[in-house]
Amino acid sequence: MSVVKEYYRTDKDGKKRVQELQTGIIVEYLEEPSAEYLGKLEPEAEWQYILTSEVTVASDLPPTTIESKLFRFPRELTPIEEASLEKATGLTVKRKVRLANAS
Amino acid sequence: MPGLSSTGGLQKHTELKDKEIAGIIDHAVGSVTPAILSFGSWDKIAEINVTADTTSITINNLDGDVDELYLIIAFLRNPTGSNARILLRYNNDSGLNYPRETLCAWETTITGKSDTLDGAYFAYMDTGAQGLNHALLYAKSGYKRHLIVYHGRDGGGAPAAEIMWSNWTNTTDNITSIVVVSTVADAIAAGSRIFLFKLSK
């Protein structure tokens with residue numbers, strides 16, 4: 001698709017590359033966001049814990065997952081809280097991930 | 001097969017050829033446009049090639065009331081050190097006006113989510129992830145504008161597939177622009193591509 005015209009412009013959001021397409025559509029890419037714009041992008045934190053129970057059915061096979069559950073918390077759990085979660089579910093923490101913005 | 005005959009196709013071809021000779025149809029080189037080739041389905045109105053890491057992309061000069069339905073295909077990359085949501089904001093409305101529901105398969109774990117965001121939920125990109133999106137937006141005013149997205153990603157955290165629905169609670173304003181925005185700076189990285197189609201008339 002042809003770009004008829006290309007140039008840069010700057011506004012309060014930052015520096016933008018502007019493309020005017022042959023279809024009449026104008027596309028603006030924010031390539032250098034301003035400090036003001038970046039200030040609005042404060043990510044929210046979230047911790048995801050995946051707990052599983054596994055069984056090994058044969059020594060030449062990887063462990064088989066019997067059950068898997070995902071939990072989300074606004075902060076990282078302490079070791080005591082993690083143990084409490086494992087006890088309550090009967091599962092084991094397989095992985096924990098800190099997400100800047102949770103899906 | 002019922003309705004087809006061995007001579008039906010030949011008759012149709014002869015009719016078209018007669019019309020071409022009569023000048024009713026012009027099959028001259030150059031007269032075949034993308035609109036004709038789209039068979040009355042979709043017209044590509046924007047092809048976006050991201051060549052430098054970008055935080056948002058604004059697509060201007062749209063007319064949702066006239067176009068009615070948009071198809072958005074996007075290949076996205078997020079090489080930053082943070083996970084990012086990719087949202088669509090209509091007319092740059094950044095208010096909490098976009099209820100959403102998601103169904104996410106994250107490895108073997110299935111989760112659902114229901115809340116309201118400051119943009120229509122388009123993609124979730126783990127740090128380092130690449131993903132593909134297929135979305136339909138019913139853009140005509142008079143109703144809430146609904147967005148359905150099929151999204152898959154890999155390469156960052158665990159591979160995931162999601163089905164997402166959002167709407168825009170604004171039922172009156174004509175959609176004249178769509179802002180594809182990341183919640184993390186530069187998370188729409190070079191190599192990302194977005195194709196926008198409108199329903200052809």
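The model is predicted, and the values below were computed from it. Over all chains, the count of aromatic pairs comes to four. The pair described here is that of Y90(B) and W168(B), whose ring planes stand at 65°, over the 60 degrees required, so the pair is edge-to-face.

**Aromatic residues of chain B**

- The ring centres of Y90(B) and W168(B) lie 5.5 Å apart, and the pair links distant parts of the chain, since the two residues are 78 residues apart.
- Y90(B) belongs to strand β4 (residues 84–90) of chain B, whereas W168(B) belongs to strand β10 (residues 160–168) of chain B.
- Y90(B) has a relative accessible area of 0% and is therefore buried, and W168(B), at 1% relative accessibility, also counts as buried.
- Together with Y98(B), the residues Y90(B) and W168(B) form one aromatic cluster.

**Charges over rings in chain A**

- K15(A) is placed over the face of Y8(A), and its distance from the ring centre is 4.9 Å.
- R17(A) has its charged end over the ring of Y29(A), at 4.3 Å from the centre of that ring.

**E28(A) and its surroundings**

- E28(A) is found in strand β3 (residues 26–33) of chain A, and because its relative accessibility is 10%, under the 20% limit, E28(A) counts as buried.
- The side chains of E28(A) and R9(A) are joined by a polar contact of 2.9 Å.
- Apart from neighbours within four places in sequence, E28(A) is in contact with R9(A), K16(A), R17(A) and V18(A) in chain A, and with S56(B), I57(B), T58(B) and N60(B) in chain B.
- Although E28(A) and E46(A) are 18 residues apart along the chain, their C-alpha atoms are separated by 31 Å.

**K96(A) and its surroundings**

- K96(A) has its place in strand β6 (residues 92–99) of chain A, and with a relative accessibility of 36%, which lies between the limits of 20% and 50%, K96(A) counts as partly exposed.
- When neighbours within four places in sequence are left aside, the residues in contact with K96(A) are Q48(A), Y49(A), E76(A) and E82(A).
- K96(A) and L70(A) stand 26 residues apart along the chain, and the separation of their C-alpha atoms is 9.6 Å.

Note on methods. Residues numbered from 1 in each chain as written. Chains lettered and ligands numbered in written order. Predicted model: local features only at pLDDT ≥ 70, side-chain atom pairs only at ≥ 80, totals over all residues. Heavy atoms only, no water. Phe/Tyr/Trp six-rings, centres within 6.5 Å; stacked < 30°, edge-to-face > 60°. Helix = DSSP H or I, 4+ residues; strand = E, 2+ residues; numbered from the N terminus. Buried < 20%, exposed > 50% of the residue type's maximum accessible area, 1.4 Å probe, protein only. Lys NZ or Arg CZ within 6 Å of the ring centre and 35° of its normal. Contact = heavy atoms within 4.5 Å. Polar contact = N/O pair within 3.5 Å; in protein donor to acceptor, adjacent residues only side chain to side chain.
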